Amino acid sequence: MATIPLTKRGAEKLKAELARLKSVERPAVIHAIAEARAQGDLSENAEYDAAKDKQGFIEGRIQEIEGKLAVAQIIDPAALDAGGRVVFGSTVDLEEEESGDAVTYQIVGDDEADLKQGLISISSPIARALIGKEAGDVAEVQAPGGIKRYEIVEVRYI
């Protein structure tokens with residue numbers, strides 16, 4: 001199986017979610033199933049069905065997170081030295097050429113992407129256009145409204 005790139009912060013978030021699922025969510029759903037079972041006839045017990053569905057979701061998510069962490073390649077952006085090039089984990093200040101709008105993105109793994117926080121997935125079109133470029137370069141991105149051109153103002157490893 002291929003490795004999954006994660007930033008140090010992304011790996012810590014996944015580990016925290018895993019711990020919460022195992023120590024809080026799993027015991028709560030087991031208790032809910034036990035209570036529903038105590039009510040008697042399970043064939044028409046909506047609480048039992050709902051608790052079993054939730055248990056299936058929790059167990060599936062636990063397996064998914066454990067699998068991702070097992071093959072994760074954890075990258076600390078602060079320890080990178082890519083010679084000013086845009087790489088996974090780097091934070092990039094951009095200026096759109098047409099509008100002059102300035103934006104800042106950090107390139108992260110698929111699981112930790114959140115555009116509202118300026119975190120873009122390594123597999124997104126804009127990240128793929130930026131990888132390997134450095135300050136002063138222009139990246140062309142195919143957007144729904146046509147091609148957008150971004151000038152790379154600064155590349156940081158924070």
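1. N45 caps the N-terminal end of helix α2, a side-chain oxygen of N45 lying 3.1 Å from the backbone nitrogen of E47. Helices (H or I, at least four residues) and strands (E, at least two) are DSSP runs, numbered from the N terminus. The model is predicted, so local features need pLDDT of at least 70 and side-chain atom pairs count only at pLDDT 80 or more, whereas totals for chains, interfaces and linings use all residues. Residues are numbered from 1 along each chain as its sequence is written, and side-chain values use heavy atoms, with hydrogens and water left out.

2. Helix α2 covers residues 46–70, and its 25 residues reach 36 Å from the first C-alpha to the last, close to the 36 Å expected at 1.5 Å a residue (the expected span being 1.5 Å times one less than the number of residues). The buried residues of α2 are Y48, A51, I58, R61, I62, I65 and K68, where buried means under 20% relative accessible area, exposed over 50% and partly exposed in between, with a 1.4 Å probe and protein chains only. What covers these buried residues includes β1 (4–7), α1 (8–38) and β2 (72–75).

3. Leaving aside residues up to four places away in sequence, K68 touches I4, R61 and D111, contact meaning heavy atoms within 4.5 Å. The side chains of K68 and D111 are also joined by a polar contact of 2.6 Å; such a contact is a pair of N or O atoms within 3.5 Å, where within protein one must be able to donate a hydrogen and the other to accept it, and residues adjacent in sequence count only if both atoms are side-chain atoms.

4. Five strands form an open sheet of mixed pairing in the order β5-β4-β3-β7-β6, two strands being paired if DSSP finds at least two bridges between them. Because β5 (119–121) and β6 (138–143) stand at the edges, each with a single partner strand, one side of each is left without a neighbour in the sheet. The twist averages 45 degrees from one strand to the next, with axes fitted as lines to C-alpha atoms and angles run from 0 to 180 degrees between N-to-C directions.

5. Strand β3 (residues 91–96) pairs with strand β7 (residues 146–156) in the antiparallel sense over six bridges, and V155 in β7 is the bridge partner of V92. Strand β3 is also joined, again antiparallel, to β4 (residues 102–108) by five bridges, with T104 in β4 as the bridge partner of D93. The hairpin of β3 and β4 has five residues between the strands, and in this hairpin G100 takes a positive phi near 80 degrees.

6. Strands β4 and β5 pair in the parallel sense over three bridges, V108 standing opposite S121 in β5. In the loop between β4 and β5 sits K116, which counts as exposed because its relative accessibility is 84%. From C-alpha to C-alpha, K116 and Y105 are 10.0 Å apart in space and eleven residues apart in sequence.

7. Q106, which lies in strand β4, counts as buried at 8% relative accessibility. A polar atom of the Q106 side chain lies 3.1 Å from the backbone oxygen of G89. Not counting residues up to four places away in sequence, Q106 touches a set of residues including T7, R9, P77, G89, L119 and I158.
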